[in-house]
Amino acid sequence: MFWVVFFAFNPNFEIVKNPTNAAAMPDSAQQQSVFPFGKDISAKKFKDFLVYLFLLGLIVRTCFLVEHARSPSFGVPTLDQKYYDTAARMLLASQDLHLLRGLRPLLYPMFLATLYKLGGAHGVDLAVEAQHFLGVLTGLLVALIGARLFRHRLCGLAGGVLYLLAPVPLYFEGELLIESSYTFLICVGLLLVIHTAGVTGRKGFLLWLLCGAVTVLIAQARPNILVFMAVYPLLAGWRWWQTRQWAALLPLWALVGGVCMGLPWGFVNKLQSDHFQAIPSAGGVNLYLGNKRTADGMIVELNRRVNYSEEYEDSVEVWARQEYEAAMRSEGRSTDSNPMAISKYWTQRAIDEIKAAPAAWLRLMAKKCWLMLWNAEVPNNKAFAFLQTEFFWLRVLPVRWVVLLMLAPAGIWASVKWGNRDALFILLVYLSLYSAANVAFFICDRYRYPLWPVMATIAGGGLLALLEAIRRRHWQTALGLAASVALMASLSLPNWFGAKLPNFARDYLFRAIAWYQKGHFPEALADMDRSVALDPTDATALHQRGNVLLALDRIEEAKQEYERTLRISAEDAGVWNNYGIALDRLGRTNEALQAFQRAMECNPPSKNAFLAMAIAQIHAGRLDQAAKLLDQLDKLERSPNAMVVAVRSVMARRLGHADEAATLERQAQSLDPAGAAWAMKRVNETKNGTSAAWPRSP
């Protein structure tokens, strides 16, 4: 935020000390006439237009937020969103972070936790609003970077408008994902590096240290940005080759700044594991999944379904850890809990896959290079194409990826001839290295999103250069630029590799889950039916359909849906638990208890099944057995469970321990009043009482 304000109110600053940059930003009409972008605006008007740009971004995002807030999916985390939401809530509750396994950095969960603390019951709403605000600021940063790249303020404003009218960034800002804050930080870092490139002496030394520190700080959101550390030795080498002066090597101090930033974060990240990690990363397993012989370059597929307990865990992380442990056991070797050991194992597996079929891997790399250009948005969580059918603003905003690609060659040409070459060098290194890192793993809309601001920056200058060439009737230049537009369109629009995007089965599932969590069960069932129709073998969808039917009191149908699910995924503890609930509600108590027992035996087991069995044992008068079950459940819990504590209070009261019972009851009430009340009511019911409120697994 500081750097946005600093540069916004210092628009006359430009890199003039570097010999590769001869011209400063123009102010007079005489200077303006030499530029291929038409007449520029003054510094004062530039400030005014930055305010208008801010208002444009604010209006667009407010309109989308109003529309998004009315959708069922608003504020309901799924997949990676659920991971970040869980991590943030664990930070707020001071829970043991070792359960996160240390494969992802903590910066974004810390950001969310802060907003949750400030927002209270509306913490998720505040987080989404904050991310939209960061999106507006990113548009301003694009304008500031563009003004310095092209030495022309209108070019910067054009880039800012292109970014703020793009629907893909708008969509990600509305999700609990790192992309919006991460991309904002990247733009801050790029602007800082461009600023620092024109500073020498002691101030330059300090600023280069800061540049490296900021880059490593950004890596605490996502490690992919670490490839940008290469810009510092590359820039130093380029300057040394041009000037042969020791001052040209100042950018190397950024490497020192990066190390200084990484050291304290190593201790922060140790909260997730028992090992010092400057930057946590799941790079090894992602490298394997993106380069194995069956990979398609865009959709991550595991070789089996992953089951986990009621609390959300990242399925890729669980799978990677389980497969690593199985491989170590099969080789008679001990496992290492260090996340880097797991990542190293998968990196070697990726190398083995590439060696096994190098020709196929080269074809895969060619496909991934093209996927970086393809105009379609490859989904990693929700499908952008599906969301366009749901949201008006995602349909009408005009700037798609192909628009930026078509204008990029013109922008690069104009900046080479008339722009700030240091800034161009920095931005092109970022685009090249970050794109190469994406290609090394797999391509999806989330991974390509951080390139949008820089592409919009370059496209803004390209747009004005093309329009000015036409206005001045420089037909040779205009035809050349038009040819580059046509070339990029021909690469981006056709489906050259026959890539097949997934259908909308998962998207209907996610929306059905949102409907379900908000109590709109008929709507949830309608979306579940659509999901199952598109993919009848998805065990998760079948399980959720059973949950919806159970909520609608269509018990026999729910039981049949759970049975159908168990034929596909027989080791899913959550399905066994909910199957037991359906059986119990049908009056088939013995079968229900057998189902709960099966849920307890799965790996991982269902915690809700332990609670259900313990309550059943209390109803039968077997308090000792109930206590043993609760002891087993305590070992599985991350922190004290209000329902377990409440059940123990009832048991203590039945044993005549009134003081202990009162203490436990107060503790349960302090942890979760609603959960404690439910548990006490359930335990005190007679056998003939309703069992409709058994705790269901998600």
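## Overall dimensions

The radius of gyration is taken here over C-alpha atoms, and the rule for a globule is 2.2 Å times the number of residues to the power 0.38. For a chain of 698 residues, a compact globule would therefore have a radius of gyration near 26 Å, and the 29 Å found for this chain agrees with that expectation. The model is a predicted one.

Along the principal axes, the C-alpha atoms occupy a box of roughly 95 × 55 × 50 Å.

## Secondary structure and contacts

The chain contains 34 helices and zero strands.

## Surface and charge

Of the 698 residues, 56% count as buried. The accessible surface of the chain comes to about 28,900 Å², and carbon and sulfur atoms contribute 60% of that area.

The chain carries 70 positive side chains and 57 negative ones. The centres of these two sets are 8 Å apart.

## Cysteines

The structure holds zero disulfides. Cys369 is in no disulfide, and the nearest cysteine sulfur, that of Cys444, lies 16 Å away. A disulfide requires a pair of cysteine sulfur atoms within 2.5 Å. Seen from Cys444, the closest cysteine sulfur is that of Cys369, and because the two are 16 Å apart, they are too far from each other for a bond.

## The loop containing Pro36

Where does Pro36 lie in relation to helix 2 and helix 3? Pro36 is in the loop between helix 2 (29–32) and helix 3 (43–69). With a relative accessibility of 12%, Pro36 counts as buried.

Which residues are in contact with Pro36, once its neighbours within four places in sequence are left aside? They are Trp418, Leu464, Ala465 and Glu468. Another pair gives a sense of spacing within the model: Pro36 and Ala130 are 94 residues apart along the chain, and their C-alpha atoms are separated by 38 Å.

## Summary

In this predicted model, the chain has 34 helices and zero strands, and its radius of gyration of 29 Å agrees with the value for a compact globule. The structure holds zero disulfides, and Pro36, although in a loop, counts as buried.

Key
Residues numbered from 1 in each chain as written. Predicted model: local features only at pLDDT ≥ 70, side-chain atom pairs only at ≥ 80, totals over all residues. Heavy atoms only, no water. Helix = DSSP H or I, 4+ residues; strand = E, 2+ residues; numbered from the N terminus. Buried < 20%, exposed > 50% of the residue type's maximum accessible area, 1.4 Å probe, protein only. Areas by Shrake-Rupley, 256 points an atom, 1.4 Å probe, with all protein chains shown as cover. Lys, Arg positive; Asp, Glu negative; His and termini not counted. Charge placed at Lys NZ, Arg CZ, Asp CG, Glu CD. Contact = heavy atoms within 4.5 Å.
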